[in-house]
Amino acid sequence: MTSTPDAAPAHIRLSLPALIAFALPGLPTGALAIALGVYLPRYYAGHFGLALAAVGGAFGLIRLVDTAVDPVLGVVMDHTKTPIGRYRPWLIAGAPILMLAVFMLFEPFTKVSFAYLLAWLFIYYIGTSILALSHSSWASVVAAKYHERSRVFGVLQVVGIIGATSVLVLPVIEGRLHLAAGGAVPLMGWFVIISAPVGVLLALVRTPERIVSETHEERVGLRDYLQMVLRPDMARIIIADFCLALGPGWMGAIYLFYFHDARGFTIPQAGLQLLIYVAAGVVGAGVISRVAMRFGKHRTLMATATGYSLGLITLTFMPKGQMIPVGIFMFIMGFLATSFALLDRAMVADVGDAVRLEQGKNRVGLLYSMITMTQKVAGALSITLSFTVLGAIGYKAKDGAINTPAAIHGLELVYLIGPVVFVMLGGACYIGYKLNAARHAEIRTALDARDGLIEAPVIDGLTGSQMEPERYAAAE
């Protein structure tokens, strides 16, 4: 059935409870951002005694290999057509893969080795690619308008931060209960294993999925992929996202080494400071999403990246081992850092609309695959480079090792210089960015006029059956 030419397309605007339910798959991925990026490398190097170069090499090699998977997944997702929607089947498939890999990485029941770490990291990244890519692509459909995307991705960011905060409580408990070193790491894995299926199920049940209209359905080739990468707006986002991921990722990889050996905190105290940093993002996501609605996403991101870089420089002047002043500093840094992923992903959705208007094709899965790919490359380099440099300067990561003053000073330099430079570069990428609120409003007006001629189905969240667009709009 085709609607009348003047039919208005049904925009999806979820109520806050429904939006929170939709965001719940972000709990395990948010938790893993901390558990895998901060604690697991140190766990394998310190607790299991693998060489720093081996741990860094495993993370780096697998992430670089896995980057080739994301564009393929993005293209396949964009062409997926099933009775239960385009992105739902992928969300369902990603959860068990992720759960198995997390169990094997966080609860190894056999002797670990470089090959063991390499194999299970590969499976882990396949699972996270499927889960994160399908969830982000679906979010771009949930939020169709420029400012609404700041709201939706803000809630997704908050839920991810809650997941990260939850696992950060575990090292604090470890210190209070005097558990064996690294005892909190397996608990982090179990948090992910439990929260992943619960979050996916609630998102599936509570969220209808509107299938966006397309006027062309040609298959994607290498030329299409290159066109996406070389688009001026998308190229800026890709480079900025890489830099804004590499800077904090670099710090996260060696955070525990730095705060324990250079700043004089115990491991539980360092975990508490990291908890403050991450929890500040709950406040930051809400405030920054509203600021972005007022001043625009790219301007807001430029300001927060500048503040973050300048703020890092002040860390060298902070008193060692003092919880309160450093805690205030960590809150400010965490507040600013939450803008990086939030606003970058919201801007990718805007580019997706521009591409669909120009080409008549839905390419949002492919576009988000480029961002997950840059995240993986940045993550690979952050661990590989920082661990390699630490090993080269003579820093010893084994539990109980004694490091020389020169090695500690080298640790301080490695921790700060790279992140300051990369985050500043990430913000600078948006100087002269053109796809602002006014331009996006023009794009949406043109899409709405065209989409009014094509009645796209809406898949019910509970039953998987199709809803009438008019009934869906009335329900929301």
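At roughly what angle do the axes of helix H13 (residues 297-313) and helix H16 (residues 405-428) cross? Select both helices: the axes cross at roughly 165 degrees and come within 8 Å. Helices here are DSSP runs of H or I with at least four residues, numbered from the N terminus. Axes are lines fitted to C-alpha atoms over the stretch in contact, and angles run from 0 to 180 degrees between N-to-C directions. H13 and H16 are therefore roughly antiparallel; angles over 145 degrees count as such, and those under 35 degrees as roughly parallel.

The model is predicted: local features need pLDDT of at least 70 and side-chain atom pairs count only at pLDDT 80 or more, whereas totals for chains, interfaces and linings use all residues. Residues are numbered from 1 along each chain as its sequence is written, and side-chain values use heavy atoms, with hydrogens and water left out.

**H13 and H16**

The crossing is left-handed, that is, the near helix is turned anticlockwise from the far one by less than a right angle (clockwise for right-handed). Display the side chains in contact, meaning heavy atoms within 4.5 Å. On H13 they include Met302, Tyr308 and Ile313, and on H16 Leu416, Pro419 and Met424 are among them. The contact comprises 11 nonpolar, 3 polar and no charged residues. Ala, Val, Leu, Ile, Met, Phe, Trp, Tyr, Cys and Pro count as nonpolar, Asp, Glu, Lys and Arg as charged, and the others, Gly among them, as polar.

**H12**

Next, select helix H12 (residues 267-295), whose 29 residues should span 42 Å at 1.5 Å a residue; the end C-alpha atoms are 40 Å apart, which agrees. The expected span is 1.5 Å times one less than the number of residues. Centre the view on Gly284, where H12 has a kink of about 35 degrees; the bend is the angle between axes fitted to the seven residues ending there and the seven starting there. Gly296 follows H12 and has a positive phi, near 100 degrees.

**H2 and H5**

Move to helix H2 (residues 26-47) and helix H5 (residues 88-106), whose axes come within 12 Å and cross at roughly 30 degrees. That makes H2 roughly parallel to H5. Leu32, Ala35, Leu36, Leu40 and Tyr44 in H2 meet Leu98, Val102, Met104, Leu105 and Phe106 in H5. This contact holds 10 nonpolar, no polar and no charged residues.

Key:
Helix = DSSP H or I, 4+ residues; strand = E, 2+ residues; numbered from the N terminus. Parallel < 35°, antiparallel > 145°, perpendicular 65-115°, else oblique.
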